[in-house]
Structure formats: structure tokens, C-alpha cells
Amino acid sequence: MKFMTDTQCAYIAGRNSALPLGGVDCHVYFEFDCDDIDTEKLSAAWKELFRLHPEMRAEYRHGTVIDREKLPDCSKMNIVDISNHDRDRHESILTEMRSSLSSRMLDTEQGESCGLTYVHTDNKSGVLLFDWSLVIGDVKSLILVLSELADLYDGEKVQTPKTGTGELYELRKEAAAVSRGVAAEIIKNDIHNPDYPIGAALPVLASANMLSCCRYCSEDRFISGADLLLNNEDIDALLMYAFTDAFCELTGDSGLLLNYPCFRRSVEESGNVGDFTDIKLIPILYDGSVRREEGIYKACKTYQKYMSFSGYKQVKLRREIAKVFPDKKDVSPIVFSPVCDIPLLSKSFLSNIGRLRYMISQTPQVWLDVQTFVLEKKFYISIVYPQELIAASFVSALADGYAKKIRKLINKGV
């Protein structure tokens, strides 16, 4: 048994429908178009993942993670055959399944961590449905699981992680303790800066405090040429500035305080399922009157400053912000979550299993979740929002603006 992380506890708390923008699981859902899948081999590969990663078969309850050897029911891949229906009926059935699975609340207390369903659409083709509770593992975890699923399916061996997730959590705590003083000084200085961007003029359809059990939508964009930026070690900072630039052009704000879940991992952590998220609140300033290069430079310096420490507790930081800004109730409701150091889908997955057809996620108490992935040498932008809170037209304009700013970065060779 080990204790859940603060982030995992927050996700569990967010399921409470009495909380503003609560009543949903922190959950992600994928669909993949597939050809010539051997369902027996894929089913065996899926079950093997539960043997390799204890977190996938554990129970998450009352702030603890209870390990168990018995495989949960979700370790069995579901198989549905709709090949005897016509194409119109195929789409209708798949839409019904998407509606049912994409926003469901997985019972992680009983070991239900994820799910895999293969839908036969004809003799050779099908659609693979995958969903995952982020309570059991962060975005890097689900990327790892999809990659290993493809490797196992292809007959490759996948090694059990050498160091357990619990031990790695402890190492992270030790590193956070060492840099705690640095973090406190940086945060103190920034919070008392008169330019600290605590508010955001995000147009809403209703009060977030009155909403719960929302339905989530996304605005997705694909931008070619991602490989031209990926070697930049400050890629996340460049994207932060591009998004802040696009947002502030729409709203007139002078910057954003971005909720940045940093998914960077050590070599030892890279093969583990778990919550290795290091959440930071990073202030990115925007001034339309200065040269673009100057804005980017300042954003990169701010990013580097916040990357100099780890593990500073969100609760403590938010309390400090509340003391300085007592009238601000909605602090940093925009989550900016890029994953650009590894592709969303591995080459093995794309060649052995299939290609992305659809994706949606949801996170309780988040107004906008700005996701940026790398997929087949393209940036894949997905801005997820509760449809009862934010107008689709605003998110569409924001996604267009963000994509435009990224293209400018690519074209300028930053």
C-alpha cells in the first residue's frame, strides 16, 4: 500500500457533483481506425500490460493505493461485431458507444482503471476504443501503455520497470525538498510583481459555481512541420507564449497565469505507470506593443526559472496567491498541457494497430484544457472545454489563433 499523490486526490475529489464544475472523472477516450487486427493477440497483449504495471490493477481509495495481484475485469478486451450492419448503422452504433464511454466515471476504487474494446466493422477493418482514468496514471502513462500494447502485439518483449512507482515518488519528494527555498523565493517575487497576470477575461455562458456534471467538447487543429521546432529545449515555453499571444489578442488581457502540468520524466520514471505530474502556475506576460522576439525571450526566461524547482505544493501556492489577491476567486482555470518530447502514438502503434480517429478528455474544475501533442510530425492541438460554460465560437477562434501563432514560430524558424 502507498499514498495517492495530491493530484490523484484532487481528481477523486472532483468527482463530487456538489463541487463547481465537478461531477466528472478525470478521463481520456480514444478511437483508432484499424486494419487486419488479430483480436486474440491484441487481447493477450492488453492483459499482459496489467501484469507488468501494478498501478493498472490497483485499487485507489481513501487516499491510498492498494496493490493486488488479481487482474481486474477491465484487463479483458471487449469484442463487438457489427459487420452484419450497413455503413450508416456502423456510424450510429459507434456514436452510441462514444457517447457511453467517452464521459463515463471509472470505478478506480474497485480496480477499474481503463478499458479496451475492439469493434469489427467488416472482415478486415475495425475501430479500437480505449479509455483511461488519469487517477491511475498521467498522460505520459497512457502514452506508454499504448506504445507497449503495440510492442507486445508485435511480439516484442516489454521489461518490467526496474524501480517501483512508490520509490520514484519518494525520490521526487527528496528533490522537491532540496529546491523548496528556491521555489518560495521565485514565487514570492512574482506574486508581488504589479504585472502578475492573476485574472483572465474568459467569456463564460454561466457561472462556473453553478455548473456540474458538464459535457465536454474540443476544438482540434493539426499543424504540419512540428519537427522543425522539437529540438528546441524550451518548446513548451514557445507554445505557452504562442497560446498567450492568441488568447490575449482575443480578450485584451496582459498575460495569463497558466496551470502547467509538467510531464517531464527522468529515465528511471519513463517506463512506469503513475502520476509523475509536477504542476506549476507560470505567469506569461503579453504586451502587443513589444517585438515578438522580446515576448518570446521573456517567456522562455520565465519558463526556465520555474523549471529550476519541482514539487512546490499547489495548495500552498494558491493560499499565498489568495493572501495577495483576496478578491480573485477563479485562479488559473486554464490548464496548458503540452507533451512534445515524445509522440502521442509510437511508430509501432501506427504500423501495427492503427491511426487516431477521435480523442476527447475531461478534467473536473478546469475551464479550458489546452493540449498540444506531436502526431506524425504534426502538432495536434486539442482545446477541451465544458460546453455549458464556454461558447464553441470562442474556443474555435482561440484554436485558430493558437494554430496561426504556432505556424508563425515554425515559419520563422524559432
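**Group meeting: a walk through the predicted model**

Okay, let's start with Met-307, which counts as partly exposed at 31% relative accessibility. Here, buried means under 20% relative accessible area, exposed means over 50%, and partly exposed is in between, with a 1.4 Å probe and protein chains only. Before I go on: this is a predicted model, so local features need pLDDT of at least 70 and side-chain atom pairs count only at pLDDT 80 or more, while totals for chains, interfaces and linings use all residues. Residues are numbered from 1 along each chain as its sequence is written, and side-chain values use heavy atoms, with hydrogens and water left out.

Back to Met-307. You'll find Met-307 in the loop between α8 (292-306) and α9 (314-324). When I say helix or strand, I mean DSSP runs numbered from the N terminus: H or I with at least four residues for helices, E with at least two for strands. Leaving aside neighbours within four places in sequence, Met-307 is in contact with Tyr-260, Cys-262, Arg-264 and Lys-280; contact means heavy atoms within 4.5 Å. Take Cys-262: it sits 45 residues from Met-307 in sequence, and the C-alpha atoms of the two are 9.1 Å apart.

Glu-269 is in the loop between β9 (255-262) and β10 (278-285). So is Glu-269 buried or exposed? Buried, at a relative accessible area of 5%. Not counting residues up to four places away in sequence, Glu-269 touches Leu-168, Arg-172, Arg-264 and Phe-276.

Now the sheet. It's an open one of five strands, in the order β5-β6-β7-β2-β12, with mixed pairing. The edge strands are β5 and β12 (354-362), and each of them pairs on one side only. For pairing, DSSP has to find at least two bridges between the strands. On average, neighbouring strands in this sheet are turned by 15 degrees against each other, direction ignored. Helix α3 packs on the sheet, touching β2 (27-35), β5, β6, β7 and β12, and its direction makes about 155 degrees with that of β2. For those angles, axes are lines fitted to C-alpha atoms, for helices over the stretch in contact, and angles run from 0 to 180 degrees between N-to-C directions. Then there's α4, lying across β2, β6 and β7 and running at about 145 degrees to β7. Inside the sheet, β6 and β7 pair in the antiparallel sense over seven bridges, and Val-119 has Val-127 as its bridge partner in β7.

Ser-113 is in the loop between α3 (87-101) and β6. It's buried, at a relative accessible area of 1%. Its contacts beyond four places in sequence are Phe-50, Met-56, Cys-74, Leu-106, Trp-132, Ser-133 and Ile-136.

Phe-50 takes us to helix α2. Its buried residues are Thr-39, Leu-42, Ala-45, Trp-46, Leu-49, Phe-50 and Leu-52. What covers them includes β5 (78-81), β6 (114-120), β7 (125-133) and α4 (139-153). On length, the 14 residues of α2 (residues 39-52) should span 20 Å at 1.5 Å a residue, and the end C-alpha atoms are 20 Å apart, which agrees. That expected span is 1.5 Å times one less than the number of residues.

What about the cores? A nonpolar core is a set of buried Ala, Val, Leu, Ile, Met, Phe, Trp, Tyr and Cys residues joined through side-chain atoms within 4.5 Å. The largest has 80 residues, and those with the most contacts inside it are Phe-243, Ile-321, Leu-368, Phe-379, Ile-383, Tyr-402 and Ile-406. Helix α7 (residues 235-251) gives the most to this core, with eleven residues. Apart from it lies another core, of 53 residues, Phe-50 among them.

Next, strand β11. Six of the six residues of β11 (residues 334-339) are buried, so the strand is largely enclosed by the rest of the structure. Both faces are covered: Ile-334, Phe-336 and Pro-338 on one side, Val-335, Ser-337 and Val-339 on the other. Strand β11 runs parallel to β13 (residues 368-375), with six bridges joining them; Phe-336 has Val-370 as its partner.

Most residues other than glycine have a negative phi. Leu-21, though, has a positive phi near 55 degrees, and is buried at 2% relative accessible area. Lys-377 is also not a glycine and has a positive phi of about 65 degrees, but counts as exposed at 59% relative accessibility.
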